[in-house]
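Visitor: I'd like to learn how to read a structure like this one. Could you walk me through it, feature by feature?

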Amino acid sequence: MLSDGAVGLVAALVALKVIFGRTDLVEYVAFSLSLPTIWIIALFANRAYDRRYLFVGNDEYQRVLHSGLVLAAVIGLASYFLHLGVARGYVVIAVPIVTVYGIISRYTLRRRLHRAWAQGKCLRQVVVVGHESSVVALTRQLRHERYHGLGVVAACVPALRTGSPLAGMGILVYDTIHQVSAVVGEVGADMVVVLSCPELEGPELRRLAWSLENQKVDLMVASALFDIANSRTTIRPADGLPMLHLDHPRFTGIGRLVKNVTDRVLAAIALTLLAPLLLACALIIRFGEGRGPALFRQVRVGQHRRDFVIYKFRTMYTDAEDRLQDLRHLNEHDGVLFKMKNDPRVTPIGRWLRRYSIDELPQLINVLKGEMSLVGPRPPLDSEVDQYPADMHRRLVVKPGLTGLWQVSGRSDLSWEESMRLDLRYVENWSLTLDVVILLRTCTAVLRSSGAY
């Protein structure tokens, strides 16, 4: 609230300065001083301070944007009916500034909080209720994805078997699901997450909600639909019974056409702007240490399992493939890929290219040819696809990408299972907005160079 108030005051002063050239106009002082309060009231009216929206997802930003639109409408109507005489230019400048600065300030606060979450601080204390396997999976996921801001402190399961992995996870475990409210009071939790559990449905779940209401503890019921975006789900009541309607992902239509056209246009622009850098890298690789071809060509599997030749800057010595078998036992990856942090086959210039993902830039040629997209799943080898379980073939219904969720989430530091899950999440929840977010996050991921080896 303090941040939003400061944003409102800055917007008012900037508008005065721009419109009138000074900030001492008596007739605008009262309105300028009241703008922070009016802005906070508008945010309250649009539920921008509700805990369920704060610091997670895009709903918070959408509510700030909606507050700005409402604020402009209210000021305009009030000026007209009450004859306030507020200059339209003042409103046109102040309202966009307060809205944009409001979003930026909340983003800044969110980043600060996310850094605290990454260090295990400021986490909401969670009690998870459900069957053992589901509780273990969720606990591991929340520990890996700290950006959710949830820390599991206790678990309630119907039955705890001997040798359960829960015993070694450092949380309190209770072999009951009918005394959850008592467990919450004992551990001091402020949220309960109920996983799919037939023993805790209907009246039992309703009674749990009533007891947690008295304790001022939030209740979340996890769906069995993992990695499905909110945009694809809708609650539709059927004769009083709430039903969750799941929309099919969109692989055709105007959105995909816009994506394909945008990919090729941006790839052409990028290749033009980066031509000097690409030429310099090609010459250094061609005539530098480990002389050989500048480009590395390899057959990858594309959309609908069509093969294509991918282009990358060569980062290894020319005899890298011949030396691979001697290094197989040193593989540091848990999947079918071979990854080593200090692979002796990588040239010195290659390490630098990989660190900042410059070796990937020739793939813009593949994007221009329509074989790849700027954003999409990682382009796999044919040998990888042969080892896919049945559901992983789903990731082949879209074009592979130059970057993707795997790129901005850790790259080679990810486990095989996690990288596959991220690719499937992208395929199931694709949108133009998601592509823009991934492209923006790619910039910070490249600068961090985490998992780049």
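Guide: Let's start with a term we'll need: partly exposed covers relative accessible areas between the buried range, under 20%, and the exposed range, over 50%. Arg 305, at 37%, is therefore partly exposed. And keep in mind that this is a predicted model.

Visitor: Where does Arg 305 lie?

Guide: Arg 305 is in the loop between β8 and β9. His 304 belongs to that loop too, which runs between β8 (295-301) and β9 (307-313).

Visitor: What should I look at in the backbone there?

Guide: Look at phi. Most residues other than glycine have a negative phi. Arg 305 isn't a glycine either, yet its phi is positive, about 60 degrees.

Visitor: On to helices. How do I read which side of one faces inward?

Guide: Take helix α6, residues 180-187: its buried residues are Val 180, Val 183 and Val 184. They sit on the same side of α6, because they cover an arc of only 105 degrees around the axis. On the face turned away from that buried side you'll find the exposed residues Gly 185 and Glu 186.

Visitor: Which residues of helix α10 are buried?

Guide: In α10, residues 320-327, they are Ala 320, Leu 324 and Leu 327. Viewed down the axis of α10, these buried residues fall within an arc of 75 degrees, so they line one face of the helix. The face turned away from the buried side of α10 carries Asp 322, Gln 325 and Asp 326, which are exposed.

Visitor: Now the surface. Which residues form the nonpolar patch?

Guide: For a patch, look for side chains of one kind grouped on the outside. Here the nonpolar patch is made of Ile 254, Leu 257, Val 258, Val 261, Val 265, Leu 266, Ile 269, Leu 273 and Leu 432, with about 800 Å² of accessible area together. Helix α8 (residues 254-273) gives the largest share of that patch, eight residues.

Visitor: How many salt bridges does the structure hold?

Guide: There are 15. With each pair, check the N to O distance, then ask which parts of the chain are being linked. Arg 51 and Asp 218, for instance, meet through their side chains at 3.2 Å, N to O. This pair links distant parts of the chain, 167 residues apart: Arg 51 is in the loop between α2 (26-45) and α3 (59-82), while Asp 218 is in strand β5 (residues 218-221). Asp 218 counts as partly exposed because its relative accessibility is 25%.

Visitor: Arg 110 and Glu 60: buried or exposed?

Guide: Both Arg 110 and Glu 60 are buried. They form a salt bridge whose closest N and O atoms are 2.8 Å apart. It links distant parts of the chain, Arg 110 in helix α4 and Glu 60 in helix α3, 50 residues apart.

Visitor: What about Glu 371 and its partner?

Guide: Glu 371 forms a salt bridge with Lys 369, with the closest N and O atoms 3.5 Å apart. Glu 371 is partly exposed at 22% relative accessible area, and Lys 369 is partly exposed at 43%. Elsewhere, salt bridges that share partners join Asp 4, Glu 60, Arg 106 and Arg 110 into one network.

Visitor: How far apart are Tyr 49 and Glu 60 in space?

Guide: Their C-alpha atoms are 8.3 Å apart, and in sequence the two residues are eleven residues apart. Tyr 49 lies in the loop between α2 and α3. Since its relative accessibility is 16%, Tyr 49 counts as buried.

Conventions: Residues numbered from 1 in each chain as written. Predicted model: local features only at pLDDT ≥ 70, side-chain atom pairs only at ≥ 80, totals over all residues. Heavy atoms only, no water. Buried < 20%, exposed > 50% of the residue type's maximum accessible area, 1.4 Å probe, protein only. Helix = DSSP H or I, 4+ residues; strand = E, 2+ residues; numbered from the N terminus. Arc of directions from axis to C-beta. Patch = residues over 30% accessible without salt bridge, like charges linked within 9 Å, V, L, I, M, F, W, Y side chains within 5 Å. Areas by Shrake-Rupley, 256 points an atom, 1.4 Å probe, with all protein chains shown as cover. Salt bridge = Lys/Arg side-chain N within 4 Å of Asp/Glu carboxyl O.
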